[in-house]
Amino acid sequence: MLDEMGTHVIEAGFPVNSGAEFEAVRDIAEASDATVCGLARIVDEDIEAALDAGVDMVHVFASTSDVQLADSMHATREDVKRRSVAAVERVAEAGVECMFSPMDATRTEPAFLAEMVAATSAAGADWINVPDTVGVCTPSRMGDLVEFVDDHADARIDVHCHDDFGLATANAVAGIEAGASQAQVSVNGIGERAGNAAAEEVVMAIESVYGTDTGIDTTRFVELSSLVEERSDVHVPRNKPVVGENAFSHESGIHAAGVIENAATFEPGVMTPEMVGAERAFVLGKHTGTHSVRKHLREAGYDPTDEQVREVVDRVKSYGATEGDVPQDVVERFAREVGVDRPRVHEGPI
């Protein structure tokens, strides 16, 4: 589905991780028109596994922050720089695209980060990824960091943002705004800890807020989100931007009345439900007004008077205050209780 939607790069997995993952990456590479990427540490075995899987791009990564160098990689700056350059050279020699990630870039000492991106870019990296590995960046700082990396590398720039403080989408968009050519995203924002920048949020921000055509078929985002939710068993919150059940739902009387008149009154306008494969909904509850209730009743075949609508609204509000959303069958029960009739339909010959 990602391939059919026009996704530019699919990072399919970590081929050296296991035989099953190697086969999965190989199968995706064979079956996709998109650029397929395999992940690799600065380890010969990792790189050869990715190349053997037939990927179009190898994403090589190594820690560069002092805390990760000391307590994760157990290596010196000099050792990591040397091994990173050798890894990039091997991928470049194989004739596939190479991306290099200085992992934990947002906590890396700037002078060493500059050394690393300059050295790996010179060694043949086509892309330098700027990873906010533990989600501590802010949008303004991400913009500055992309410009900093651009000053020290000839490669194109990519950003990878985590959502520990709820800033992943904003940071990814800020990276693009500052000159990054690409952002790494995941469907529904799934990822380590609090997750990564969500594909649907980043793409729709670029498409709708910035008015830029990404080439991605956004009309399948809700379908894609539902598929990933089902297969991953990671629930999508109702209030999730773009693809959540409530993303285009309206309960408040003021909001619903405005949207019934003109959807742009209380929706972004630049992003409509049709653009992402969603449907607009009017939810009945304790904040519901007459416009929504009248709409629900008429769509159910009732023809209420203004006074009957007000009586049903009172019942809906009382029910919603204790029970939450008011289902359609309850609304129709309220309509019958206040004496609303359905117009009679003549079915026989005159």
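**Figure 1. Two domains in a predicted model.** The C-alpha centres of domain 1 and domain 2 sit 48 Å apart. Keep in mind that this is a predicted model. Domain 1 covers residues 3-184, while domain 2 takes in residues 249-338. There's also a database label to look at here: an unreviewed UniProt entry lists residues 1-222 as "domain: Pyruvate carboxyltransferase". Over that 1-222 stretch, the chain is 46% helix and 18% strand. Follow the stretch from one end to the other and you'll find its end C-alpha atoms 12 Å apart.

**Figure 2. Arg41 and Asp46 pair up in a salt bridge.** This is one of the 25 salt bridges in the structure. Look for the nitrogen-to-oxygen distance between the two side chains, which is 2.6 Å. Are the two partners buried or exposed? Arg41 counts as partly exposed because its relative accessibility is 38%. Asp46, on the other hand, has a relative accessible area of 0%, so Asp46 is buried.

**Figure 3. Arg193 and Asp164 form a salt bridge between two loops.** The side chains meet with an N to O distance of 2.8 Å. Which parts of the chain does this pair link? Arg193 belongs to the loop between β7 (182-184) and α9 (199-209), and Asp164 to the loop between β6 (156-161) and α8 (168-177). That puts the two residues 29 apart, so to speak, in distant parts of the chain.

**Figure 4. Glu267 and Arg280 tie two loops together around helix α12.** Here the side chains of Glu267 and Arg280 make a salt bridge, 2.8 Å from N to O. Glu267 lies in the loop between α11 (253-261) and α12 (273-276), and Arg280 lies in the loop between α12 and β9 (281-282), so the bridge connects parts that are 13 residues apart in sequence. Glu267 is buried, as its relative accessible area is 9%. Arg280 has a relative accessible area of 29%, so Arg280 counts as partly exposed. For a salt-bridge group with shared partners, turn to Glu4, Arg220 and Glu223, which are joined into one network.

**Figure 5. Helices α13 and α14 cross.** Helix α13 spans residues 290-299, and helix α14 spans residues 306-323. How do their axes cross? They come within 9 Å of each other, at an angle of roughly 105°.

**Figure 6. Helix α15 packs its buried residues against α13 and α14.** This helix runs over residues 328-337, and its buried residues are Val330, Val331, Glu332, Phe334 and Ala335. Pick out Glu332, which sits in α15. Is Glu332 buried or exposed? With 16% relative accessibility, and under 20% being the cut-off for buried, Glu332 counts as buried. Setting aside neighbours within four places in sequence, Glu332 is in contact with Ala300, Tyr302 and Arg342. Just past the end of α15, have a look at Gly339, whose phi is positive at about 90°.

**Figure 7. His74 and Asn188 have positive phi values.** Neither residue is a glycine. His74 has a phi near 55°, and you'll find His74 in the loop between α4 (66-73) and α5 (77-94). His74 counts as exposed because its relative accessibility is 63%. Now move to Asn188, where phi is near 65°. This residue lies in the loop between β7 and α9. Is Asn188 buried or exposed? Its relative accessible area is 13%, so Asn188 is buried.

Terms used. Residues numbered from 1 in each chain as written. Predicted model: local features only at pLDDT ≥ 70, side-chain atom pairs only at ≥ 80, totals over all residues. Heavy atoms only, no water. Domains from an automatic or database assignment. Salt bridge = Lys/Arg side-chain N within 4 Å of Asp/Glu carboxyl O. Buried < 20%, exposed > 50% of the residue type's maximum accessible area, 1.4 Å probe, protein only. Helix = DSSP H or I, 4+ residues; strand = E, 2+ residues; numbered from the N terminus. UniProt positions renumbered as here; feature names shortened; annotations may be inferred. Contact = heavy atoms within 4.5 Å. Axes fitted to C-alpha atoms, helices over the stretch in contact; angles between N-to-C directions.
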